[in-house]
Every structure is written in structure tokens, then in C-alpha cells.
Protein chains: 2
Amino acid sequence: MQQKRIDRRRPPARTRIRPAVRPRVRVAGDEANRRGDIVRAAARLFRERGFDATTVRDIAKAVGMRSGSPFYHFETKQDILLAVVEEGLAAGLDATEGVLAERLPPREKFHALVRAHLEILLDEGHDFIPVLLYDWRSLTRENRAKIVALKDRYDAVWQQVVRELKRAGLLHIDSPLARLLVLGAINFMATWYRRDGALGLDALADQTVDFFLGPTKR
Amino acid sequence: MQQKRIDRRRPPARTRIRPAVRPRVRVAGDEANRRGDIVRAAARLFRERGFDATTVRDIAKAVGMRSGSPFYHFETKQDILLAVVEEGLAAGLDATEGVLAERLPPREKFHALVRAHLEILLDEGHDFIPVLLYDWRSLTRENRAKIVALKDRYDAVWQQVVRELKRAGLLHIDSPLARLLVLGAINFMATWYRRDGALGLDALADQTVDFFLGPTKR
DNA sequence: CCTACCGATCGGTAGG
DNA sequence: CCTACCGATCGGTAGG
């Protein structure tokens with residue numbers, strides 16, 4: 001991190017200016033949501049800058065708190081990361097296992113899975129999975145272990161769909177490597193996809209499915 | 001980063017113990033290579049822990065220097081990152097454009113490209129490309145701009161091979177998206193491939209090609 | 001390239 | 001949840 005050489009001395013603590021406006025009308029039940037606010041703000045910041053480059057002060061500021069206050073809700077910064085990643089995987093699993101329940105034909109099932117995954121991977125407000133993918137290293141070993149079970153369920157869904165595609169003659173191979181290649185190609189989109197670009201998620205899902213399975217014949 | 005609460009006070013600077021052995025016999029021309037040593041050590045550390053989680057002290061220690069000495073070779077930590085990434089791309093381009101020069105048939109050309117890319121992406125001692133991929137965010141805007149030209153040449157090679165595959169009837173689509181999906185699937189291997197695992201790079205290249213193009217018919 | 005050091009920042013805490 | 005603060009660490013530098 002770059003250090004900024006500011007010439008002006010820091011004003012003495014007593015006279016430091018407090019933020020001008022802090023418009024917070026506490027509604028009942030609002031308190032309970034502060035934790036969720038922190039998780040969402042942290043997710044966005046982690047996704048944009050990475051875990052290490054995001055300070056607890058950044059997170060506090062993003063939700064209108066003072067620098068020490070996130071520690072009222074979380075013991076450590078690492079616990080915030082864990083919450084982000086767990087919440088993301090839980091939401092992702094919901095959407096993903098929901099697709100399996102629909103009992104679609106293989107190609108349509110694959111398309112629905114891809115589309116659902118693109119949503120949580122790339123769409124506005126869904127920052128959890130990118131954080132999981134790109135700040136995995138920042139999780140402690142213990143916290144990684146807590147998450148592996150969820151990740152395994154995720155992989156199992158994709159593996160099953162890949163197997164069905166092979167059985168339907170739509171893919172050449174259905175090994176774990178095949179699953180890793182498909183998911184890798186999609187997950188890597190988080191590095192190049194621009195939310196403000198011309199390519200929407202629907203079109204992206206269509207073209208991705210066509211690439212892997214070939215265009216639909218009619 | 002976790003803070004370790006060490007009870008013992010830091011010994012006063014005067015009496016601090018210096019590393020026991022520092023076996024350095026300076027050969028002529030050795031001096032010139034110290035910069036390269038730093039770049040290689042930094043690449044490995046950046047790949048393992050990420051740019052932000054690696055300190056200049058870590059890098060110095062890895063090459064047997066004292067904490068301030070890397071700044072004799074580089075002005076800033078950011079400059080070390082830039083050197084890592086530039087060196088990696090240059091080496092990658094060499095290998096990659098070399099494949100194009102061989103004028104192989106499409107399937108073989110693709111295989112050679114994949115195999116060459118796996119080498120610099122996953123093999124021992126090649127940490128540059130993973131750093132490029134996963135610490136891209138840590139580069140300043142200016143430094144990213146310096147690299148884009150190299151990255152574009154890289155992409156152009158893959159785009160051309162993808163086009164040849166389509167023309168040969170081995171791929172359904174040859175759009176930029178097709179290139180991004182293929183490269184994404186491969187680049188994402190850096191997150192899951194284990195150098196000490198059972199899957200070697202040759203087998204991985206074979207199976208990857210088979211997945212995308214279908215097994216060879218005979 | 002080392003010694004000795006600085007200023008800034010950061011995660012975290014005590015007490016209210 | 002804020003105030004006020006601490007200890008540690010970190011990038012970087014002056015001078016040799």
C-alpha cells in the first residue's frame with residue numbers, strides 16, 4: 001500500500017471533526033441488520049480491492065460506523081471474511097440446488113445452472129462468490145476447512161449435470177477434470193466481465209452453453 | 001494479517017543477532033544477478049501469499065539480504081511487482097509465439113499451445129503468470145497500462161489458434177468469448193492444480209485438448 | 001548493500 | 001456503538 005506523505009499534521013484528537021451528517025433513524029429490527037450491512041459492504045470492498053487491501057476502517061466507513069465499531073459485531077477482520085464467504089456459498093447453493101430440483105432435460109438444465117451461476121458470480125450486489133474465489137488464500141486454514149463441505153456440495157451439483165450431458169451425447173468427457181474446466185471457464189469470467197459492458201448475462205449464458213455443447217440443431 | 005502477541009520485548013538494536021551464516025562468495029557477474037534473484041523470490045512469494053501479504057522483508061530474507069536492501073535495486077515494492085509480471089509475460093510470449101512459428105496442423109498446434117501454457121502456469125519455478133492473473137488488482141493503473149500491450153499479443157495468438165480450430169471443424173465457435181472460455185478454463189487451473197499431485201502436465205494437456213475438441217478418432 | 005531509523009497505518013481493545 | 005488509544009508492522013530513507 002502506498003503511503004501518502006501529507007504535510008499537514010493530524011489535528012489533535014480532541015478537536016477532530018466528526019462526520020457532518022449521520023442520518024440514522026433507528027427502526028425496530030434495524031439493529032439486527034447492522035451485521036448484515038457490514039457483511040455486504042465488506043463483500044463489495046473485498047471484491048474490488050481484495051481482503052488485505054481493505055481496512056476495517058474502510059468497512060466501518062461504508063456502513064457509517066466509526067473505526068472500532070465493526071468489532072462490536074465481529075471479533076476479527078478474518079471473521080468478517082468468513083461471514084462473507086459463508087453467506088455467499090449458502091446463497092449460491094440455494095440457487096444451484098434449486099435448479100436440480102426442476103428436473104429439466106440435460107441441455108436446459110445446464111443452461112439454467114450456468115445462468116444461475118452467472119447471476120451470483122457477476123451481477124450487481126453479488127460479491128460473495130468472487131471473494132470466495134479470489135481471496136481464498138486469505139482465509140485461515142481453519143476457516144477454509146469450515147467451508148469445504150459447502151464447496152463440495154456445489155461441485156457435486158455440477159458434476160452430476162456434466163454426467164447427464166455426457167450421457168445425452170452433448171459432452172465428450174464427464175470426468176472431474178471436465179467439471180473443473182467448465183466451472184473454471186465460467187469462474188474466470190469474474191476477472192474480465194464488465195457489468196457496464198454490452199454483453200448481458202442472458203446472452204452470455206446462451207453463448208457459453210453453445211460453446212460447450214454446440215449450437216442447438218433444428 | 002494476524003498480529004502475534006509476543007511477550008518478549010524486542011532486544012535493543014545494538015545487540016540484535018545477525019544471521020549465523022551468510023555464505024556468499026561474490027563471483028564476477030554475480031552482482032548483476034541479484035536483481036534477478038529478487039524478482040524470482042518475489043514471484044514465488046507473491047504467488048503463494050499474494051502481493052499485499054508479502055512484505056519487502058520477506059523478499060529480502062528469501063535472497064539473504066537485510067530488510068532495506070531490495071530498495072537498492074528497486075525504488076518501490078510496486079516496481080518489484082511490475083518486474084515480476086513483465087518478465088513473466090515476456091517469457092510466456094516467447095514460448096507462445098514460438099508455437100505459432102512451428103506451423104503445425106490445428107489440433108497439434110492447439111495441443112502445443114496448451115502444453116506450453118501449462119508449463120509457465122503450473123510448473124515449478126514459473127510463478128510469474130499466476131501472479132499476473134491473481135495480483136492484477138495490485139498493479140497501479142499506470143503499470144497495468146504498460147502491460148496491456150504484451151497481454152494483447154498473448155491473446156492474439158490464442159485467438160488465431162481458436163480461429164483455425166473452428167475452420168477445421170474442431171470447435172463450434174471462434175468468437176473472442178470462445179478464446180476467453182478456453183483460456184479461462186486453463187488459467188483457472190492455477191487455483192486447483194497441485195504440483196505434488198498425481199496428474200502430470202502432459203496428461204493434463206492431453207485431457208484438456210480432448211475435452212475441448214473431442215477425442216481423436218482413428 | 002547494511003545500519004538505524006521514521007512516519008504512517010492497521011487490527012484490535014478498554015471503558016463507557 | 002463511540003472515544004481514545006496501543007503495540008506492531010510496514011514501506012521506505014539517510015548515510016555510510
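Colleague: Leaving aside neighbours within four places in sequence, which residues is B:Gln159 in contact with?

Modeller: Keep in mind that this is a predicted model. With those neighbours set aside, B:Gln159 touches B:Asp174, B:Ser175, B:Pro176 and B:Arg179. B:Gln159 itself sits in helix α7 of chain B, residues 141-167.

Colleague: Why is B:Gln159 called buried?

Modeller: The cut-off for buried is under 20% relative accessible area. B:Gln159 has 10%, so it counts as buried.

Colleague: And what makes A:Lys109 buried?

Modeller: The relative accessibility of A:Lys109 is 4%, so it passes the under 20% test too. A:Lys109 belongs to helix α5 of chain A, residues 106-122. Its contacts beyond four places in sequence are A:Val99, A:Leu100, A:Arg103, A:Leu104, A:Val161 and A:Glu164. Across chain A, 42% of the 218 residues are buried.

Colleague: How do you know that the length of helix α4 of chain B agrees with its residue count?

Modeller: Helix α4 of chain B covers residues 77-101, which is 25 residues. At 1.5 Å a residue they should span 36 Å, and the end C-alpha atoms are 37 Å apart, so the two agree. Just after that helix, B:Arg103 takes a positive phi of about 55 degrees.

Colleague: What makes B:Arg153 and B:Glu97 a salt bridge?

Modeller: The rule asks for a side-chain nitrogen of Lys or Arg within 4 Å of a carboxyl oxygen of Asp or Glu. In B:Arg153 and B:Glu97 the closest N and O atoms are 2.9 Å apart, so the pair qualifies.

Colleague: What ties B:Asp127 and B:Arg195 together?

Modeller: Their side chains meet in a salt bridge, 3.4 Å from N to O. B:Asp127 is in the loop between α5 and α6 of chain B and B:Arg195 in the loop between α9 and α10 of chain B, so the bridge ties together parts 68 residues apart in sequence. B:Asp127 is buried at 5%, whereas B:Arg195 is partly exposed at 31%. In chain A, salt bridges with shared partners join A:Arg47, A:Glu124, A:Asp127 and A:Arg195 into one network.

Colleague: How many salt bridges are there between chain B and chain A?

Modeller: The count there is one. A:Arg137 pairs with B:Asp135, with the closest N and O atoms 4.0 Å apart. The search over all chains finds 27 salt bridges.

Colleague: What makes up the side of chain B that touches chain A, by class?

Modeller: To start with, 36 residues of chain B are in contact with 35 residues of chain A. In chain B, the residues that lose the most area to chain A are B:Arg137, B:Leu181 and B:Phe211, together 25% of what that side buries. The rule also finds eight residue pairs in polar contact across the interface. The largest share of chain B's side, eight residues, comes from α8(B). By class, that side has 21 nonpolar, eight polar and seven charged residues.

Methods:
Residues are numbered from 1 along each chain as its sequence is written. Chains are lettered from A and ligands numbered from 1 in the order in which they are written. This is a predicted model: local features need pLDDT of at least 70, side-chain atom pairs count only at pLDDT 80 or more; totals for chains, interfaces and linings use all residues. Side-chain values use heavy atoms; hydrogens and water are left out. Contact means heavy atoms within 4.5 Å. Buried area is the accessible area (1.4 Å probe) that two parts lose on being put together, summed over both. A polar contact is a pair of N or O atoms within 3.5 Å; within protein, one must be able to donate a hydrogen and the other to accept it, and residues adjacent in sequence count only if both atoms are side-chain atoms. Helices (H or I, at least four residues) and strands (E, at least two) are DSSP runs, numbered from the N terminus. Ala, Val, Leu, Ile, Met, Phe, Trp, Tyr, Cys and Pro count as nonpolar, Asp, Glu, Lys and Arg as charged, and the others, Gly among them, as polar. The expected span of a helix is 1.5 Å times one less than its number of residues. Buried means under 20% relative accessible area, exposed over 50%, partly exposed in between (1.4 Å probe, protein chains only).
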